[in-house]
Amino acid sequence: MNELTHVDEAAVSGQPKIAPAVEPKIVARKVQVFYGDNHAIKDVDVDIPANSVMSFIGPSGCGKSTFLRCLNRMNDTIDVCRVEGKIELDHEDIYDPKVDPVQLRAKVGMVFQKPNPFPKSIFENVAYGPRIHGLARNKTDMEEIVVTALQKAGLFAEVKDRLDAPGTGLSGGQQQRLCIARAIAVSPEVILMDEPCSALDPIATAKVEELIDELRENYTIVIVTHSMQQAARVSQRTAFFHLGLLVEEGPTDNIFTNPHDKRTQDYITGRFG
Amino acid sequence: MSLSVILLVLLALAVVGYVLGRSRALGSAGGDMQKLHSLPSYYGWNAALMVLIPSLLVLVVWLIVQPIVIHNQVASMISEASIEKSSLDLVMSDVKRVADGLDAAVEAGAMTADQASSIRTEFTDVRDRLGDVGVALGSDVNSETLRAAQRYREIASTGALLRLIVVVGFGLAGLAFAYMRSHRDFRARNVVERVVRWILLSAASIAILTTLGIVLSLIFNTIEFFRVYPAADFFFGLTWSPSFGGGSELGIVPLIWATLYISFIALSVAVPVGLFAAIYLSEYAGPHVRSFAKPMLEVLAGIPTIVYGLFALLTVGPLLVDAFGGGGLFGVDWMQGASSVLTAGFVMGIMLIPFVSSLSDDIINAVPQAMRDGSLGLGATHSETVKQVILPAALPGIVGAILLAASRAIGETMIVVLGAGAAARLSLNPLEAMTTVTAKIVSQLTGDADFASPEALVAFALGMTLFVVTLLLNIAALYIVRKYREQYE
């Protein structure tokens, strides 16, 4: 069912095959991305299993963020960007003309590199998504949604006394967890994270990583990271991108201990990148 | 020696200074640039600036002081009797004309320089002789005036000679001083940069001092006005009916009312249109449309306001009369002439569109892309993003833009003069002609106004009021814009 895991099968010959426990949430086949004339992503095939964390690693400019942005069609907002191939979410092609990208993004939430809370109160930041999508019937509903989202993001205890304070007044780590709470509040199935900790200090990073591990229970998470330690800590599967190609993909442990491809080996041992 | 010669001499000295300073510094380092403290050109500039700055400063002071000195010297020659007959100013202007006439006569060859300084009214008809060389005098020249004029010429020519010597002397002294200092250890770069900083500072202070001067001239005349007209009547009077024969009623209320009314109409045209245009240009328009439409919109800002005034008077006004006048489109008779508050307000609104749109466009563009991404990533549509994230984030800046537009509207004159009418009136009907503070300033000061009468002085009080109102609006706008900027940077 998963012909893409051939790499790790070969790499760990002799060990039992590690197959994803559940059916893949997202299936990408022959994905190509062009920025004008620049061929940014070439023939990427990948399966992203449900209820687990998958990390994309690779040197800067390798296309991992670009590919991530294909998964919720954020690339649509860039005029010169063109996507080919097939990406399926629960067996539905997300690039089908019938699919409304706005609805898709409610299902596939996103957390960005730099914390980007809106210049509104903490409460309003979280309530923004549910309000747009009409998720709350009344004020009590909305309060419940906001509190639940903040609790899941591990932020509620820190901000419960100042929900009316501006979100931009929080510390960097708190802001990023606010952005995660904001994404959770619309009840997505998948959460995409584009280097969520690159602007945070180590303590805030540890908190966000812990949070990612907890969220795995209910959400499918894809995270782009520059830190291989982070990939090793939080993800179950890892994909290595290089120059627009998906070089190698497999269980995180295998990628880091027993890489199959020379380029992966060079990258994780720090020889380039 | 004329001024331009002095300037040319100074310029030549500066060039010489540049070359000398540069070469002496290079020489002191044995021709090796590495051993100099500064680049060779800095030594040159140091010398050139040392020539120019002190001498030009002396020249400026001299130009201010010399006429005063001459005036005092010559004025002492005029007898009490002639001053009583007319006034000292008139006599002095006669003296100056005769002196200029003698200069012209000498230049044209009608007299020798000796003759010009020695002729006497007793023997020559000076008026005829000067008439021959094209200098017309209003009355016969009496001997006292002629002698004063000759004295005037004497002092002026001595002064000019002294001026040349002193100014060029300063230039030479500066040159020598700079030349002595041009040594390889001299920190020419630091000196030149300090001088440049002073030049920049003085340019900045000229702008500030001019503002101050304008305000002061307004204040003194305003105080003068309130001496002859009670302030309470001015600020609270409901009638504006100046008459130069006396007994004027100069109440500012109808003028302020019309000003605010027209500005309100202008803003209710400009703010929605300008804001929507800005949202379209910054959020929806592709790069091609944007590169075409933005300059087009800004062309509107470059049209002189008198042209807008003509547009109001000849196009918009008649159109409104066709609609609201007797026998018009709506069959009502609400509008008599083309001039009305609505005409002026509407056209002024059009004038303000690029003002609002251009500023708002910049402010909307300053909202970080991360805000848009964050909202779109939550499944918001583009329009929801604009309404709920971008506009609230940009709101303080937009309010600032609107306030700036409002202060433009309040101070606008030509559109009002042509489009709003001339009658001061307190009315709610926007189809009636009214007149504003600015239009009345124009009408009170044009023509043969006696500047001591309250009817003319009131213009300064009106201007002062306007100045205070727009100043407060601008301060509020700048405060809001600045506060907004702190949010992202």
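In which loop of chain B is the place of B:Ser339? The legends below begin with that spot.

View 1. B:Ser339 is found in the loop between α12 (305–324) and α13 (341–366) of chain B; helices (H or I, at least four residues) and strands (E, at least two) are DSSP runs, numbered from the N terminus. With a relative accessible area of 19%, B:Ser339 is buried; buried means under 20% relative accessible area, exposed over 50%, and partly exposed in between, using a 1.4 Å probe and protein chains only.

Some notes on reading the views come next. This is a predicted model, in which local features need pLDDT of at least 70 and side-chain atom pairs count only at pLDDT 80 or more, while totals for chains, interfaces and linings use all residues. Residues are numbered from 1 along each chain as its sequence is written, chains are lettered from A and ligands numbered from 1 in the order in which they are written, and side-chain values use heavy atoms, leaving out hydrogens and water.

**View 2. A salt bridge between B:Arg372 and B:Glu283.** A salt bridge is a side-chain nitrogen of Lys or Arg within 4 Å of a carboxyl oxygen of Asp or Glu, and the whole structure has 24 of them over all chains. In this one, the closest N and O atoms of B:Arg372 and B:Glu283 are 2.8 Å apart. B:Arg372 lies in helix α14 (residues 369–377) of chain B and B:Glu283 in helix α10 (residues 253–284) of chain B, so the pair ties together parts 89 residues apart in sequence. B:Arg372 is buried at 9% relative accessibility, and B:Glu283 is buried at 10%.

**View 3. A network of salt bridges in chain B.** Here B:Arg290, B:Lys294, B:Glu298, B:Asp361 and B:Asp362 are linked. Zoom in on B:Lys294 and B:Glu298, whose closest N and O atoms are 4.0 Å apart. These two residues are 4 apart in helix α11 (residues 287–302) of chain B, so about one helical turn separates them. B:Lys294 is buried, with 18% relative accessibility, whereas B:Glu298 is partly exposed at 35%.

View 4. Rings of Phe, Tyr and Trp (its six-membered ring) pair if their centres lie within 6.5 Å; planes under 30 degrees apart count as stacked, over 60 as edge-to-face and the rest as tilted. The count comes to 14 aromatic pairs over all chains. Because A:Phe56 lies in strand β3 (residues 53–57) of chain A and A:Phe241 in strand β9 (residues 237–242) of chain A, the pair ties together parts that are 185 residues apart in sequence. A:Phe56 is buried, at 0% relative accessible area, and A:Phe241 is buried at 0% as well.

**View 5. Charges over rings in both chains, at A:Phe34 and B:Tyr179.** A charge sits over a ring if NZ of Lys or CZ of Arg is within 6 Å of the ring centre and within 35 degrees of the ring normal. The charged end of A:Arg82 sits over A:Phe34, 4.4 Å from the ring centre. In chain B, the charged end of B:Arg24 sits over B:Tyr179, 4.9 Å from the ring centre.
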